[in-house]
Amino acid sequence: MTKRINRWSILTTLIALLLTVPLWVLVSFVFEPTNDNWAHLSDTLLPVYIINSLWLMLGVTIGTLLLGIPTAWLISQYQFFGKSILHWALLLPMAMPAYIIAYTYTGLLEFEGPVQSALRTVFETQTVNLWFPEIRSLGGAIVMFSLVLYPYVYLLARTSFANQSQSVMHASRTLGAGPYKTFFKVALPIARPAIIAGLTLALMETLADFGTVQHFGVPTFTTGIYRTWTGFGDTTTTAQLSILLLVFVTALMAIEFWSRKKAQYFTGHNQPLRKTLPTLTGHQSLLAFSVCLLPILFGFIIPALQLLDWSINVASTQLNSEFFALVWNSFSLAFVTALITISIALLLLYVKRAQQHTFIDNTVRIAGLGYAIPGVVIAVAVMIPFAWLDNTVDNWARTHLDISTGLLLSGTLFALVFAYCFRFLSVALQSVGSGLSQIKPSMDESAKTLGANNWTLLKRIHIPLLSSSLITAFILVFVEVLKELPTTLILRPFNFNTLSVRAYEMAADERLADAGLPALLIVITGLIPVIILSKLIGKRHA
Amino acid sequence: MRELHINQIESRHQNTVILNQISLHLAAGEIGCLLGPSGCGKTTLLRTIAGLQPITQGNICLGEQTVSSDCVHIETESRNVGMVFQDYALFPHLNVADNIRFGIANFSKKQQQERIRTLLELVDLSGKETRYPHELSGGQQQRVALARALAAKPQILLMDEPFSGLDVELRESLARQVRCILKAEGITALMVTHNQNEAFAIADSIGVMNAGELLQWGSSYTLYHQPNHPFVADFIGQGVLIKGTVCSCSQVHTALGNLKTNVCDDFEPDEQVSVLVRPDDIIHRDESDWQLEVINRVFRGSHFLYTLKLDSGEHVLCMSQSHHDHEIGSKIGVKLEMDHAVVFPLQQENTT
């Protein structure tokens, strides 16, 4: 049955188009001829960007797999001391943005920091000659990313391991394979698509990062784009550099999509059998506990304590009206953005549900593309059309009305909120969508046969069933906005500061302790969605 | 292929006894079947043989070797047992050939190819070597699982509800096919099911289990005609228990009249007992003088199953040819055809 395209569909398409205008404008720069800056760049820094990005991806792959897979296997297969806490505590590093963990380890490991000072005391030397690995390096960045991004691998691998039918493991045993062979030949290969999906998410975050690599002085695409944009003001080269980064991102997205598809086949339609997990005792239990504790310790506890220490030290001088203005800016911005994003998501999803049309499905999918695009790229992509529009309007007004309109869009909060909406719409789409998918069309129909009108239907069926996913979506978008650094840095109005920008500026000025308070607040807020996530998983497993 | 001896085994989970004093014997090449309601312990028994579950008492021997006892536990991977799982448990990341190859990785490449070819021919899946499990139908997956379990020429083949995931129409025919394959290869096998038709189609010997105990072990004929326990009588086939009084060593009095039996060792004269009456013990004959009232009837296509009321008020079942169509409430003529009554201690409730 083909459905009529009505005004709702047109509205949906318009919203999706408007929201993605920056992306299309950016992509159009593929056809723009390259200029001298590009030639210079491709001779000098571009190879460095590419090589650094590749090294980062390789390192983060190894790091997240090493941290994510053993923990996922232990948690999904065994009972041991502390597991009931560890299984969700392993998600805690997700609350720690990479740039913030980078600041804490810089502070911890620098020459005057507690670690080196302690070492000097132990070895009774005051000389500078004591060799110590430089954290502000490519290797340091790899460690930082691995510590906060492994939960993606852990989460997907754990679900996959836990869902594997126990009889598959037993079949392997009856066919003569011992525990090790069973793990490497059966359990791991079956979980591989899920692990790859988790890994690609971690790698996309790595490529999108700006704060960490900027602070560590590791030139990558994002720092390059920022530098070209702010330093040279060269739109064409910035856009072309962004497109090159998007090529990497698209490749990762393709791998992720393909892996998820494959993972469906691999889980199969069989219900996992209820299993009683073997209990580890003695030193085995202790070993499992330690393996799971280490990533939490280095990925969350130690950096959080460092932030706490800094915050306490500066609290008396920093907890002033300026700081509260900062908090107000950040929270109100996040609040408004979350509201707008969720409203758009609701509109798109309801039209999609009512139309059941492939065209609308694809439109909604395109509207949600923003999440894959690094924040720096989004910022640049929003700036280009907005600045053009401002200039055009201004020129027209000058010639025809003899007045200057100045900056109408770029450099305003509107531009910033617009960029956030595009970037985080898919977060809202996903969690609202999963809520809406529980309300089957047959429920509407059965409510109607029971005499409910549209209003009753909304009040008694839809709102109660959707409320929890709406709240989840709100919190997720809220926290993402709060953490987002590069988009805010580039698009914020003059003199408008947020927590993330303040933390960045303080760290850039080598005033790490002063970055502590805003960073701590971001991390604490970031804990909320992590708790929700672990609750959700707990419910699914119960 | 080896014989299987299970002696007095017991298995516990926490403090509940799952298997209680179970003994059974399968000769080499024999096909056994464990039948019972869900939760009776039949799958657990299979898992103890595979070594997936330890036992707390008794012993399990495959051929000459003790594989499980209270102090011996040979790991599953060292037992060389083949097992077909209820959900088939095919490895989703491996194609058909590689699934079969998994257990024979120590064979030479040439032997592997040869074995895979033979097995796929045996289960009628030649040409499907490179298919993945999700590309196969349920019946095909089942046969791949069977081929995989047989690849390493196991000492014994264990099958846990192997046909339960399939369409009802497929089950019996596939069970017969599997029997042919097992007999052709001369494999000792033990299957678990809750469906008696599957058991009848595949097995030489059948064991009926309930609540962790093996109640009776014998041929399908013995289980049907000489059940040693009311549960077995109820679980295998249809039938009812009616009240009776022992007259003598060889006779029992019931509402159906005096029936021939043999109860010398078990019951005293004048003792109240329960007597098993199968639907095929009472034959419908229009010309018979003995008339009973029809209480209920079920049309089964090839026959009618009538519920008839005895003078005592008890109900019995009677099978008749399907063109003998009688209304509920009418009376029909019957004739008793029972050479030997099965007698149990008096049961509280009538079973149907």
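The contact takes 18 residues from chain A and 18 residues from chain B. The structure described here is a predicted model. On the side of chain A that touches chain B, the elements giving two or more residues are helix 8 (166-174), helix 9 (179-208) and helix 12 (235-267) of chain A. Helix 8 of chain A contributes the most to this side, with 6 residues. By class, the residues of the side of chain A that touches chain B comprise 9 nonpolar, 8 polar and 1 charged.

Helix 8 of chain A was then considered by itself. Of its 9 residues, 8 are buried, so helix 8 of chain A is largely enclosed by the rest of the structure. The buried residues are A:Ser167, A:Val168, A:Met169, A:His170, A:Ala171, A:Ser172, A:Arg173 and A:Thr174. In helix 8 of chain A, the buried residues pack against helix 9 of chain A, and also against helix 1 (42-50) and strand 6 (81-84) of chain B. Helix 8 of chain A is followed by A:Gly176, which has a positive phi near 95°.

Two helix pairs within chain A were examined next. Two packed helices are described by the angle between their axes and the distance between the axes. For helix 7 (residues 138-163) and helix 9 of chain A, the axes come within 8 Å and cross at roughly 150°. An angle over 145 degrees counts as roughly antiparallel, and helix 7 of chain A and helix 9 of chain A are therefore roughly antiparallel to each other. The crossing of helix 7 of chain A and helix 9 of chain A is right-handed. The contact of helix 7 of chain A with helix 9 of chain A has 16 nonpolar, 4 polar and 1 charged residues.

In the second pair, the axes of helix 14 (residues 321-355) of chain A and helix 17 (residues 413-436) of chain A come within 7 Å and cross at roughly 50°. Helix 14 of chain A and helix 17 of chain A are therefore oblique to each other. Their crossing, that of helix 14 of chain A and helix 17 of chain A, is right-handed. Among the residues that make the contact are A:Ile342, A:Ala345, A:Leu346, A:Leu349 and A:Arg353 of helix 14 of chain A, and A:Tyr420, A:Phe424, A:Leu425 and A:Val432 of helix 17 of chain A. By class, the contact of helix 14 of chain A with helix 17 of chain A has 17 nonpolar, 3 polar and 1 charged residues.

Apart from neighbours within four places in sequence, A:Val432 is in contact with A:Ile342, A:Ala345, A:Leu346, A:Leu349, A:Ser469, A:Leu470 and A:Ala473. From C-alpha to C-alpha, A:Val432 and A:Ala345 are 7.3 Å apart in space, although 87 residues apart in sequence.

A second residue, A:Leu26, lies in helix 1 (residues 7-28) of chain A. A:Leu26 counts as buried because it has 23 C-beta neighbours inside 10 Å. Its contacts, leaving aside neighbours within four places in sequence, are with A:Ala239, A:Ser242, A:Ile243, A:Ala381 and A:Ile384. A:Leu26 and A:Ile384 are 358 residues apart in sequence, yet their C-alpha atoms are 8.0 Å apart in space.

Chain B contains 8 helices and 20 strands. The C-alpha trace of chain B spans about 75 × 50 × 35 Å along its principal axes. Of the 352 residues of chain B, 42% count as buried. Among the contacts in chain B with a separation of 6 or more, 65% are between residues 24 or more positions apart.

In chain B, 5 strands form an open sheet in the order 13-12-11-14-20, with antiparallel pairing. Strand 13 (257-260) and strand 20 (342-345) of chain B stand at the edges with a single partner strand each, so one side of each is left without a neighbour in the sheet. On average, neighbouring strands of this sheet are turned by 45° against each other, direction ignored. Strand 12 (residues 251-254) of chain B is joined to strand 13 of chain B by 4 bridges, and the two run antiparallel. B:Val252 stands opposite B:Leu259 in strand 13 of chain B.

Terms used: Residues numbered from 1 in each chain as written. Chains lettered and ligands numbered in written order. Predicted model: local features only at pLDDT ≥ 70, side-chain atom pairs only at ≥ 80, totals over all residues. Pairing = 2+ DSSP bridges. Axes fitted to C-alpha atoms, helices over the stretch in contact; angles between N-to-C directions. Contact = placed C-beta atoms within 7 Å. Nonpolar A, V, L, I, M, F, W, Y, C, P; charged D, E, K, R; others polar. Parallel < 35°, antiparallel > 145°, perpendicular 65-115°, else oblique. Left-handed = near helix turned anticlockwise from the far one by under 90°. Buried ≥ 20, exposed ≤ 12 C-beta atoms within 10 Å, placed from the backbone.
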